[in-house]
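Hello,

Here is the structure I promised to pass on. Please open it first, then read my notes below.

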Amino acid sequence: MVAAVLPWGGGSPAWIEVPEKSKSAFMELKRRKVHRYVIFKIDDRREEIVVEKTGAPGESYDDFTASLPADDCRYAVYDLDFVSDDNCRKSKIFFISWSPSVSRIRAKTIYAVSRNQFRHELDGVHFEIQATDPDDMDLEVLRGRANRT
């Protein structure tokens, strides 16, 4: 288990663990294509990054974006299948840090501070996107990034 040290409250560090169950959900998406997406949240005690929701392989990008809260932060991974500019079928995994502008400052801070540590636990991510509104992670934005490789 890897933890991020977060500085608040009386100088005592808070730890946010990345349990094996969360890493396993990502590996199921990456290796076995069991999920189209995985949405992670920091639990209410701010101790672990847990799986909040997984999307079945047949779910759409609209299903994924509709699963993100409009007023709270989340991490997500999305497996984008697409046809490249040279007409090849490809798949790229995106790590999305969702931090809507209307979310609480404390939540934004917690997610921002722990993002890099968590992101590096997910070996095999091709692209990272930080989004504060839906336009930042529009499907065409993802396709454009994926096609540049």
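**What I found**

Asp133 sits in the loop between β7 (127–131) and α4 (139–147). Helices (H or I, at least four residues) and strands (E, at least two) are DSSP runs, numbered from the N terminus. This is a predicted model: local features need pLDDT of at least 70, side-chain atom pairs count only at pLDDT 80 or more, and totals for chains, interfaces and linings use all residues. Residues are numbered from 1 along each chain as its sequence is written, and side-chain values use heavy atoms, with hydrogens and water left out.

Back to Asp133. Its relative accessible area is 30%, so Asp133 is partly exposed. The scale is this: buried means under 20% relative accessible area, exposed over 50%, partly exposed in between (1.4 Å probe, protein chains only).

**Aromatic rings**

The structure holds 10 aromatic pairs. Rings of Phe, Tyr and Trp (its six-membered ring) pair if their centres lie within 6.5 Å; planes under 30 degrees apart count as stacked, over 60 as edge-to-face and the rest as tilted. Why is the pair of Tyr61 and Tyr78 edge-to-face? The ring centres of Tyr61 and Tyr78 are 4.9 Å apart and the planes stand at 90 degrees, so the pair is edge-to-face. This pair links distant parts of the chain. Tyr61 is in helix α2 (residues 61–67) and Tyr78 in strand β5 (residues 74–83), 17 residues apart. Both Tyr61 and Tyr78 are buried.

There is also a cluster. Phe40, Tyr75, Phe95, Tyr111 and Phe118 form one aromatic cluster.

**A loop residue to look at**

Asp72 lies in the loop between α2 and β5. Is Asp72 buried or exposed? Asp72 counts as buried, because its relative accessibility is 19%.

**Positive phi**

Most residues other than glycine have a negative phi. Two residues here have a positive one.

- Lys33 has a phi near 60 degrees. Lys33 is in the loop between α1 (20–32) and β3 (37–42). Its relative accessible area is 36%, so Lys33 is partly exposed.
- Asn87 has a phi of about 65 degrees, although Asn87 is not a glycine. Asn87 is in the loop between β5 and β6 (89–98). Its relative accessible area is 64%, so Asn87 is exposed.

Best wishes
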